[in-house]
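The sequence and the structure are shown first.

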Amino acid sequence: MALAARLVSRSRQLYSAQAAFVNGGANQVRSYAKDAAPADRPVSGDDLLKGIFFEVKKKFETALGVLKKEKITIDPDDPAAVSRYAQVMKTVREKADLLSDSQRIKYTIDTFTKGIPDARTYLNTLQEIRTKSGLIDHLGIEPLMMEALEKIEKDIKKPLLRSDKKNMAILLAEFDKINKNLGIRREDLPKIEEELEMEIAKSELTELKKECIEAMETQLKREEFKDEEMPDVRKLDIRNFL
């Protein structure tokens, strides 16, 4: 069960109760509490917490049910294994009604940039989110975007506010030029999103492999396992441990 919890957690799909409450979970909880309580009685905090608990529990059990059926090969160096892992995680999301990684990142961006008044802080926040998400700016887009912003701020001689529609339009036009020069087109976004999912899947599978090896090394240090050989992590079937 511990391995299952780590796997679901590493897939970044199963939120904590707090995240579920923030990310749309509140509506489900309120609906639950409303149905559970008489109309003439106010919804209690206990009802809300119960709603959150049962919602997260339901999602976890649904995800676990998928993981018990689908085989995952813990080999981040094998593109086929990475693709298979990504597909299994997609099935988990669909069955448990969870956000995809790209949707989660978009939600995170919307949440943490809401209310930011100026473009510079906005771009810096995007960079922080990317770094914390373990994503790599392979094309070096961020420095180019910041360079474009600095050029505009130099021209207007003040920080660029997001409410400044005229100059924000100029900045966005500069971003479009950057994308064009790098060969990024709007019609390519679905493909880019798919590549992002593969990158995240490989990162998660790498972390899972690391944790499995560390767990086996710890076990082999025990007296009763001293004569055992460490199995090949690629041959492990996690379904046997769920």
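This is a predicted model: local features need pLDDT of at least 70, side-chain atom pairs count only at pLDDT 80 or more; totals for chains, interfaces and linings use all residues.

## Overall composition and surface

The chain contains nine helices and zero strands; read from the N terminus, its elements follow the order α-α-α-α-α-α-α-α-α. Of the 242 residues, 33% are buried. Among contacts in the chain with a separation of 6 or more, 65% are made by residues 24 or more positions apart.

## Nonpolar cores

In soluble globular proteins, nonpolar side chains tend to be buried together. The largest nonpolar core of this chain comprises 21 residues, and Ile72, Met89 and Val92 have the most contacts inside it. Helix H3 (45-69), helix H4 (79-96) and helix H9 (189-220) each contribute at least two residues to this core. The greatest contribution is that of H4, which supplies seven residues.

## Aromatic pair

The structure holds one aromatic pair. The ring centres of Phe53 and Phe54 are 5.5 Å apart and the ring planes stand at 70°, so the pair is classed as edge-to-face; the cut-off for that class is an angle over 60 degrees. Phe54 has a relative accessibility of 44% and therefore counts as partly exposed.

## Nonpolar surface patch

Leu139, Leu144 and Leu182 make up a nonpolar surface patch of about 220 Å². Leu144 belongs to helix H7 (residues 141-156). With a relative accessibility of 32%, Leu144 counts as partly exposed, because that class lies between the limits of 20% and 50%.

## Loop residues with positive phi

Asp97 is exposed, as its relative accessible area is 55%.

Lys157, located in the loop between H7 and helix H8 (165-181), is likewise a residue other than glycine with a positive phi, in this case near 60°. The relative accessible area of Lys157 is 73%, so this residue is classed as exposed.

Methods:
Residues are numbered from 1 along each chain as its sequence is written. Side-chain values use heavy atoms; hydrogens and water are left out. Patches are made of residues with over 30% relative accessible area and no salt bridge: like charges are joined within 9 Å, nonpolar side chains (Val, Leu, Ile, Met, Phe, Trp, Tyr) within 5 Å. Accessible areas come from the Shrake-Rupley method with a 1.4 Å probe; for residues, only the protein chains shown count as cover. A salt bridge is a side-chain nitrogen of Lys or Arg within 4 Å of a carboxyl oxygen of Asp or Glu. Helices (H or I, at least four residues) and strands (E, at least two) are DSSP runs, numbered from the N terminus. Buried means under 20% relative accessible area, exposed over 50%, partly exposed in between (1.4 Å probe, protein chains only). Contact means heavy atoms within 4.5 Å. Rings of Phe, Tyr and Trp (its six-membered ring) pair if their centres lie within 6.5 Å; planes under 30 degrees apart count as stacked, over 60 as edge-to-face and the rest as tilted. A nonpolar core is a set of buried Ala, Val, Leu, Ile, Met, Phe, Trp, Tyr and Cys residues joined through side-chain atoms within 4.5 Å.
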